[in-house]
Amino acid sequence: MIVQQILGQKPVDGIAYVSPESGVGEAVKLLSARRIGAVVVSRDGRKVDGILSERDIVRELGSSGAGVLEKRVEEMMTRQVRGCALSDTAEEVLEAMTAGRFRHMPVMEEGAMVGVISIGDVVKARLSEIHMEKSALEDMIKGY
């Protein structure tokens with residue numbers, strides 16, 4: 001399974017992003033409203049400037065306290081973001097996420113962001129693929 005197929009299985013509700021100048025409180029409201037674990041940081045919705053995850057916020061909250069909500073997103077975002085291509089395989093994406101210890105990845109095409117996938121999206125797709133393979137093998141064994 002490739003990233004393009006994984007994106008095709010997700011609901012089409014647009015890419016959740018905030019500008020680097022946005023307040024962390026605004027980003028938290030977006031994370032909560034969309035029930036997502038990370039938001040892309042972008043000035044235009046196409047170029048990735050960074051990513052802000054729940055983990056980033058909780059780490060800063062633990063060290064700085066509630067005032068973290070008044071900070072700007074660019075002060076807390078992860079700047080080094082690894083993206084993937086529509087043609088990348090689920091296995092490649094899982095390996096990258098596991099090695100890098102992150103759970104969200106922008107999908108890039110010709111330098112522009114076209115989607116975001118989470119480790120949950122990739123695991124769900126792989127489980128579906130494994131289930132189909134299992135059913136096909138069982139049918140072969142049974143002679144169907």
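In helix α6, Asp121, Val122, Ala125, Arg126 and Glu129 are buried, meaning under 20% relative accessible area, with exposed over 50% and partly exposed in between (1.4 Å probe, protein chains only). This is a predicted model, where local features need pLDDT of at least 70, side-chain atom pairs count only at pLDDT 80 or more, and totals for chains, interfaces and linings use all residues. Residues are numbered from 1 along each chain as its sequence is written, and side-chain values use heavy atoms, without hydrogens and water.

**Helix α6**

The helix spans residues 119-142. Helices (H or I, at least four residues) and strands (E, at least two) are DSSP runs, numbered from the N terminus. From first C-alpha to last, α6 reaches 34 Å, close to the 34 Å expected at 1.5 Å a residue; that expectation is 1.5 Å times one less than the number of residues.

**Surface patch**

Val123, Leu127 and Ile130 make a nonpolar surface patch of about 250 Å². Val123 lies in α6. Val123 counts as partly exposed because its relative accessibility is 37%. An α-helix has 3.6 residues a turn, so residues three or four places apart point the same way.

**His104**

His104 sits in strand β5 (residues 104-109). Its relative accessible area is 16%, so His104 is buried. Beyond neighbours within four places in sequence, His104 contacts Gly37, Ala38, Ile51, Met97, Ile117 and Ser118, where contact means heavy atoms within 4.5 Å.

Key: Patch = residues over 30% accessible without salt bridge, like charges linked within 9 Å, V, L, I, M, F, W, Y side chains within 5 Å. Areas by Shrake-Rupley, 256 points an atom, 1.4 Å probe, with all protein chains shown as cover. Salt bridge = Lys/Arg side-chain N within 4 Å of Asp/Glu carboxyl O.
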